[in-house]
Amino acid sequence: MSTNPLLKGSLQTIILKLLEDNDEMYGYEITQKVKEVSDGEVMLTEGALYPALHKLEADGFLETFTQIVDNRVRKYYRLTERGGKEVTSKLTEARAFIDQLQTLLNLKPAAK
Amino acid sequence: MKPTDEQLKTLQDYLHETLVYREAYEEIYDHILTALEDQPGNISYQDAINNIIRNDFGDPKNLLKVEKGIKEGLVNDAIRKYFAYLKSYFTFPGIFYTITGVMASYYFFSYSAFSPGIIFWIFAFLVIAPSVIWLMRLYNTGYILDTTRKSARDKLFETFTGVPIRIGLIPMAFINLTDYKIWQENNYYFITLFFVIGVVYNLALYRLYKDEFNNAPAI
């Protein structure tokens with residue numbers, strides 16, 4: 001992933017949001033989508049993607065199914081019902097964090 | 001970039017040598033081949049593969065770390081599913097089937113004319129049933145998935161198979177094995193309890209086994 005540690009900590013939120021917007025995706029598709037929406041600024045590397053995907057699956061936020069594509073197995077991920085709720089919660093957390101950071105770093109005046 | 005059959009074979013051999021579990025192999029193999037389509041045509045096949053492994057997985061050595069993460073995720077997912085299946089027999093609506101099963105089992109054991117020996121063998125079957133599921137899983141791995149490679153879930157299934165043998169054989173071996181007193185009258189509550197626990201344990205394991213092959217098309 002990008003060397004930005006703030007983004008590293010947000011990998012699960014990014015994956016959940018992408019799957020909310022795209023219904024079902026496979027690993028490489030996720031890396032490409034992240035690259036595309038960030039204009040190439042953020043790249044999922046260092047093998048962070050698959051462990052994060054499987055952690056989300058183990059926590060019950062994602063479910064998987066496989067398809068045969070070009071004579072090989074392709075594993076797709078999609079949100080479970082629980083995962084759908086988790087996206088909302090994670091996005092709320094992310095927004096609150098960004099607001100706090102903006103306030104602390106004086107990037108914008110504190111909301112009254 | 002479209003690899004030749006020989007290049008594909010080289011990549012498959014490399015990943016088979018590097019990775020232990022088939023789930024990690026399948027996911028990483030698909031990732032590399034999909035990424036290969038986006039690689040520029042003016043570089044060699046070997047350079048393209050190296051680029052993908054370096055950019056997407058950090059380093060060739062990192063593949064093992066990725067595999068470890070994949071394995072942990074799959075095992076945790078299987079444990080979560082197994083306990084969810086178990087829980088489903090004790091929550092609505094499964095609890096009604098369980099209660100019906102408990103009453104039917106009690107009636108079955110208390111009113112049947114089974115000898116203690118037959119009841120003993122019914123319990124022996126419950127203890128051995130996970131091993132049958134384990135064998136079915138091995139067979140289907142070869143038959144449906146067309147592979148004999150290790151799965152990240154193998155160890156977990158072995159544990160689930162071994163638990164009833166360890167727990168079940170101890171009372172069978174040490175508690176009145178010769179005269180089967182434990183299976184005799186006045187013990188019907190005890191027998192029903194253990195029978196229902198055994199059935200629920202096996203049903204949950206069977207559902208876990210089925211889940212693994214539900215979305216696994218043959219190549």
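A: What follows describes chain A and then chain B.

This is a predicted model, in which local features need pLDDT of at least 70 and side-chain atom pairs count only at pLDDT 80 or more, while totals for chains, interfaces and linings use all residues. Residues are numbered from 1 along each chain as its sequence is written, chains are lettered from A and ligands numbered from 1 in the order in which they are written, and side-chain values use heavy atoms, with hydrogens and water left out.

Chain A holds five helices and three strands, where helices (H or I, at least four residues) and strands (E, at least two) are DSSP runs numbered from the N terminus. Along the sequence of chain A these elements follow the order α-α-β-α-α-β-β-α. Of the 112 residues in chain A, 42% are buried, a term that stands for under 20% relative accessible area, with a 1.4 Å probe and protein chains only. Among the contacts in chain A with a separation of 6 or more, 46% are between residues 24 or more positions apart, a contact being heavy atoms within 4.5 Å. The accessible surface of chain A is about 6300 Å², and carbon and sulfur atoms supply 51% of that surface; such areas come from the Shrake-Rupley method with a 1.4 Å probe, and for residues only the protein chains shown count as cover.

Chain B, in turn, has eight helices and zero strands, so its pattern from the N terminus on reads α-α-α-α-α-α-α-α. Buried residues are 43% of the 219 in chain B. For chain B, 75% of the contacts between residues at least 6 apart in sequence join residues at least 24 apart. Its accessible surface comes to about 12400 Å², with 63% belonging to carbon and sulfur atoms.

Notes: Buried means under 20% relative accessible area, exposed over 50%, partly exposed in between (1.4 Å probe, protein chains only).
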